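Subject: Structure handover

Hello,

Here is the structure you are taking over.

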Amino acid sequence: MVRPAAIRTWLGSVDEQIAALALGLMMLIPLIEMVMRPFLGSGISNAPVVVQHLGLVLAMFGALAAERHGHLTSFGSHDGNKGLTPAWRLAQLLAALVCGMLAYASWQFVSTERDAAHTLAYGLPVWTLQACMPLCFLLLGFKLGLRSATGFRLRHFGSAMAPCIGIAMAGQLEGTSFAAWPGLALLAAALVAGAPIFAVLGGLALLLLFWSEGMPLASVALSHYQITVNPSLPALPLFTLAGLIFARTGAAQRLGNLFVILFGGGVRGSVVAVALLCSFFTAFTGGSGVTILALGGLMLPLLNNAGYPEKKGIGLVTSASALGVLLAPSVPLIMYAIVARVPINTMFLAGALPALVMVLSLLIFGGFLQAKGPTNPAVARTSNATLGNALWLAKWEIFAPVVAIGSLVSGVATPMESAALTTAYAVITQLVAHRELTWKTFFACLSDAAQIIGGVLLILGMALALTNFLIDAGIPDAAITAIQNLIPSKEIFLIALVVFLLFAGALMEIFAAIVVLVPLLLPVAQSYGIDPVHFGILFLAAMEMGFLCPPAGMNIFFASAMFGKPLRTVAASVTPALLAIFVGSLLIALVPALSTALPAFFGLVG
């Protein structure tokens with residue numbers, strides 16, 4: 001007999017169930033399509049578009065799950081005392097009100113699509129899946145409203161009233177115009193107080209639409225819809241899922257053993273192994289914070305046992321975990337390709353050499369190779385037989401990048417199919433070959449991937465709405481004229497760009513920065529004759545510094561929690577890495593061939 005408590009638990013996590021189901025189908029449908037095509041000539045009706053709309057379902061319900069687990073990104077995400085202050089509660093109340101307005105805007109968009117009567121596949125109307133947007137924004141408003149007050153009655157009154165007031169305001173104010181500065185000040189205060197970033201960006205986009213008379217609020221929902229159903233976007237959650245599967249099994253241990261044996265057991269060998277492994281692992285997990293949590297407990301003891309100073313070891317693991325964004329199949333790399341409309345396989349090839357440059361810069365200019373200590377004789381005397389054994393044990397993990405990159409670059413699979421193939425490869429190897437992946441762990445990976453991507457896509461959708469407004473307002477054209485008058489030299493512009501991105505990375509979450517800044521800065525860079533591929537690699541390389549700088553530098557917060565050290569200790573340990581990454585970014589900026597040579601060799605750039 002099923003207990004009522006179990007039923008309540010299941011109902012309480014229904015958002016996770018729906019998001020996990022959507023992600024699972026996003027993996028299975030492309031695989032079925034790839035198998036059916038050679039034999040039947042066709043597969044599932046309209047399969048790519050179905051998968052894209054499953055991405056919309058994943059994004060919305062994943063965001064609900066992320067809110068329930070406290071994973072929605074905010075300016076005060078890592079400050080545990082924020083939730084105790086009245087300012088924080090007021091910020092949640094404002095976010096709930098914005099969610100109500102977004103629910104109204106989304107329903108306006110869905111109503112238009114319902115009237116158009118488009119079908120997705122097998123007669124299913126498209127609007128039935130699009131309807132998850134107003135539903136989930138409304139539910140988000142209720143949940144954020146619950147956080148805004150204490151006391152049972154007051155909390156439930158606030159949860160119900162805040163989004164409803166937002167809906168009423170949106171209906172009354174649409175088509176009107178008014179001064180924007182009071183709303184801007186309120187949103188800025190809410191951001192600092194700890195409101196979710198997506199709500200601040202969404203509120204800003206709505207405010208600017210109110211300010212510019214005649215713009216429909218549905219355009220905000222349209223922007224969110226456009227990015228969540230982008231043809232290449234399913235690669236993001238699928239590659240993230242594959243990385244989490246590797247992180248939750250023994251893959252990290254096997255790769256760690258292999259890298260240490262390959263580079264020796266002394267201090268320098270261990271340092272090189274840790275730097276390369278952390279970079280490699282971040283490319284697959286989709287987040288440097290995941291790498292710190294997955295590898296930190298393995299890598300820091302390894303460095304300590306080799307005689308490496310603990311503080312420098314913390315700095316190395318924390319900073320090296322930020323370098324993987326240039327390596328395929330990194331999520332930011334894919335995100336840039338989507339926003340800049342550059343082929344994903346081109347960006348995968350373009351990032352390889354610059355990633356190596358960044359690792360070398362970290363080791364050399366960061367001073368991480370300078371520390372000396374006794375050689376670990378147990379590893380230094382490793383025989384060829386032991387190396388062969390380590391290679392054999394890690395063979396499935398070593399082959400994973402070949403599956404991911406090879407299937408895409410060779411043209412065998414689309415980005416969506418390549419990601420689904422890589423995820424299936426991770427599941428099969430860890431479930432069947434190593435027998436380390438349980439179904440419980442697999443569902444946890446599905447849920448975590450959905451939460452990560454749901455929270456990210458909320459930010460991206462709102463950021464795109466804001467960016468579209470800025471583009472329509474002619475901001476990029478004005479920026480081109482102003483910057484060219486101020487900076488006549490291409491080289492000086494590149495240096496100034498690296499400095500600017502250092503500060504941008506410290507203040508903005510990387511995905512929001514990609515969606516907001518790339519459409520504004522890329523036209524400026526192209527006016528100087530800078531290739532979009534070169535600009536993209538430079539942009540991501542410079543943004544790596546932001547992972548290590550407060551207040552948005554998430555790596556130092558993850559490392560503080562992982563290693564049990566104060567934030568100031570971790571921040572001090574990564575300070576040399578900031579200089580090293582800055583130098584590496586300058587090298588990438590001033591030597592374009594580092595980014596374009598490999599794509600040019602394969603005929604992907606001119």
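This is a predicted model: local features need pLDDT of at least 70, side-chain atom pairs count only at pLDDT 80 or more; totals for chains, interfaces and linings use all residues.

Start with Arg 68 and Glu 16, which form a salt bridge whose closest N and O atoms are 2.7 Å apart. The two residues are 52 residues apart and link distant parts of the chain, with Arg 68 in helix H3 (residues 47-68) and Glu 16 in helix H2 (residues 14-40). Glu 16 has a relative accessibility of 10%, so it counts as buried, because buried means under 20%. Arg 68 is at 28% and therefore counts as partly exposed. Both residues also belong to a network of salt bridges, in which they are linked with Asp 15.

Glu 67 and Lys 143 meet through their side chains in a salt bridge, at 3.5 Å from N to O. This pair, too, links distant parts of the chain: Glu 67 lies in helix H3 and Lys 143 in helix H6 (residues 132-146), 76 residues apart. With 4% relative accessibility, Glu 67 counts as buried.

The last pair is Glu 397 and Arg 254, whose side chains meet in a salt bridge at 2.9 Å, N to O. Glu 397 is in helix H21 (residues 395-409) and Arg 254 in helix H12 (residues 251-263); they are 143 residues apart, and the pair links distant parts of the chain. Both Glu 397 and Arg 254 are buried.

Regards

How values were computed: Residues are numbered from 1 along each chain as its sequence is written. Side-chain values use heavy atoms; hydrogens and water are left out. A salt bridge is a side-chain nitrogen of Lys or Arg within 4 Å of a carboxyl oxygen of Asp or Glu. Helices (H or I, at least four residues) and strands (E, at least two) are DSSP runs, numbered from the N terminus. Buried means under 20% relative accessible area, exposed over 50%, partly exposed in between (1.4 Å probe, protein chains only).
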